[in-house]
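Please take a moment with the sequence and the 3D view below before reading on. The paragraphs that follow lead through a few places in turn.

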Amino acid sequence: LKQYPSLTGVGFPKTLVNLTISNLSYRHLDTRICALPHLKTLDLSHNKLRKLPPVLWQMESLTSLNVSNNQIPGFPESIKPSDPLCQNISVLDMSSNLLTSFPNFLRYTKSLSCLKLNKN
């Protein structure tokens, strides 16, 4: 799979709740995925992502995010406590990346029940 389906027309349905895009060597996340209004689980593991788009933090329905086994060295300081992802995320897997410090935004999370940071 070299590119995402078009999100207009035949692409991902707006009703999508779970999406796995793993083991595809993607370097960038198409920000149109962040416009899926009902997406609760997003698995981006085993790619080559180096950063996540800021719009990801605005996803209101997302409760589970797996970005393990990528090349993410850190997260932006611009993430705010009021950002929807900080309010709603319950499962977050950031294991096997290139993190060198504890991500600051984690102190803002309100619903986090499972956090994986191993192998950084």
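Does Asp-30 count as buried or exposed? In this predicted model, Asp-30 has a relative accessibility of 17% and therefore counts as buried, since the cut-off for that word is under 20%. The side chain of Asp-30 meets the side chain of Arg-32 in a salt bridge, with 2.5 Å from N to O, and the structure holds one salt bridge.

Five strands form an open sheet in the order E1-E2-E3-E4-E5, and their pairing is parallel. At the edges lie strand E1, covering 18–20, and strand E5, covering 114–116, each of which pairs on one side only. From one strand to the next, the twist averages 5°. Within the sheet, strand E3, made of residues 64–66, and strand E4, made of residues 91–93, pair in the parallel sense over three bridges, and Asn-66 has Asp-93 in E4 as its bridge partner.

The loop between E4 and E5 is the next stop, and two of its residues deserve a careful look. One of them is Asn-97, which lies in this loop and is buried, with a relative accessible area of 6%. Its side chain reaches two backbone atoms: the side chain of Asn-97 comes to 3.0 Å from the backbone oxygen of Val-67, and to 3.3 Å from the backbone nitrogen of Gln-71.

The side chain of Thr-109 reaches the backbone oxygen of Leu-106 at 2.8 Å, and, not counting residues up to four places away in sequence, Thr-109 touches Cys-86 and Ile-89.

Terms used
Residues numbered from 1 in each chain as written. Predicted model: local features only at pLDDT ≥ 70, side-chain atom pairs only at ≥ 80, totals over all residues. Heavy atoms only, no water. Pairing = 2+ DSSP bridges. Helix = DSSP H or I, 4+ residues; strand = E, 2+ residues; numbered from the N terminus. Axes fitted to C-alpha atoms, helices over the stretch in contact; angles between N-to-C directions. Polar contact = N/O pair within 3.5 Å; in protein donor to acceptor, adjacent residues only side chain to side chain. Contact = heavy atoms within 4.5 Å. Salt bridge = Lys/Arg side-chain N within 4 Å of Asp/Glu carboxyl O. Buried < 20%, exposed > 50% of the residue type's maximum accessible area, 1.4 Å probe, protein only.
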